[in-house]
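Let's walk through this model together, starting from the inside and working out to a pocket. Have the structure open as you read.

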Amino acid sequence: RESIFNDASHYVCRIPMSTSGAHEGTTTITVFFEGTANPIRPVVTQIGELFALCDALDVTDPQVAAGEASHLKMGFDGCGVVAGLPGALFAFGLAPQCDAVVARLEALASSSEACRQCLSVNVLGLSRGGIAALQLAKKLESASTALRDRLRLALLLFDPVPGNLVFTARHLDFLAAVGMPGVLTTASGVLDLSASPVSSVLAVYPH
């Protein structure tokens, strides 16, 4: 489940990951969420390898300034790595990662540097990282007008795993029924993305 391709470079060698083809006035930021028990470094899955191959300025650290770079990237360890057993069982640790991405996007949207007209955000997530991608889309429902007006959000989900059955989330999560989704079950927090600014989604289930 945690590894789809044995050698991710075989699949990305023909994909240009530089900024030479970027449209003027567009900043592209690619976000990588690893699977539950996987670190982004050292490389253990194709997510880590794609992160390493992505030719972009790494702004995962909030102290790193984006400047006028037109292609940025952020990469996050799996929730089991950052939050231990609660992360592995209940997906704890995803929310702070999503908050870090939102904070970076808000800063880019409000920046006067380079007069950015568009923010193209591509998100790749594996397993619980796929759920992180959905949580990010959910959080962006409440993004500032400045960000939403500039945002194009695309998600690529590799075998997204919430850890709960959809039936459980829909019918047995009583907190979700009273307006508190995502507290008892991870799935209930990402069942409805109708108000999110997602432009495209591709989910891949390698079974």
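This is a predicted model: local features need pLDDT of at least 70, side-chain atom pairs count only at pLDDT 80 or more; totals for chains, interfaces and linings use all residues.

Residues are numbered from 1 along each chain as its sequence is written, and side-chain values use heavy atoms, with hydrogens and water left out.

In soluble globular proteins, nonpolar side chains tend to be buried together. A nonpolar core here is a set of buried Ala, Val, Leu, Ile, Met, Phe, Trp, Tyr and Cys residues joined through side-chain atoms within 4.5 Å, where buried means under 20% relative accessible area (1.4 Å probe, protein chains only). The largest one has 34 residues, and Phe33, Val123 and Leu140 touch the most other members. Among the elements supplying at least two residues of this core are strands E1 (26-33) and E4 (118-126); the largest share, 7 residues, comes from H4. Helices (H or I, at least four residues) and strands (E, at least two) are DSSP runs, numbered from the N terminus.

Beyond its neighbours within four places in sequence, Val123 is in contact (heavy atoms within 4.5 Å) with residues including Val31, Phe33, Leu136 and Leu155. Apart from this core lies another, of 10 residues, including Phe32 and Phe158.

Now turn to the second largest pocket, whose lining has 22 residues, with Gln135, Gly182, Val183, Thr185 and Thr186 nearest its centre. A pocket is an open set of points on a 1 Å grid over the protein atoms alone where a 1.4 Å probe fits, with protein on both sides within 12 Å along at least five of seven lines; lining residues have an atom within 4 Å of a point. H5 gives the most to this lining, with 4 residues.

Key
Buried means under 20% relative accessible area, exposed over 50%, partly exposed in between (1.4 Å probe, protein chains only).
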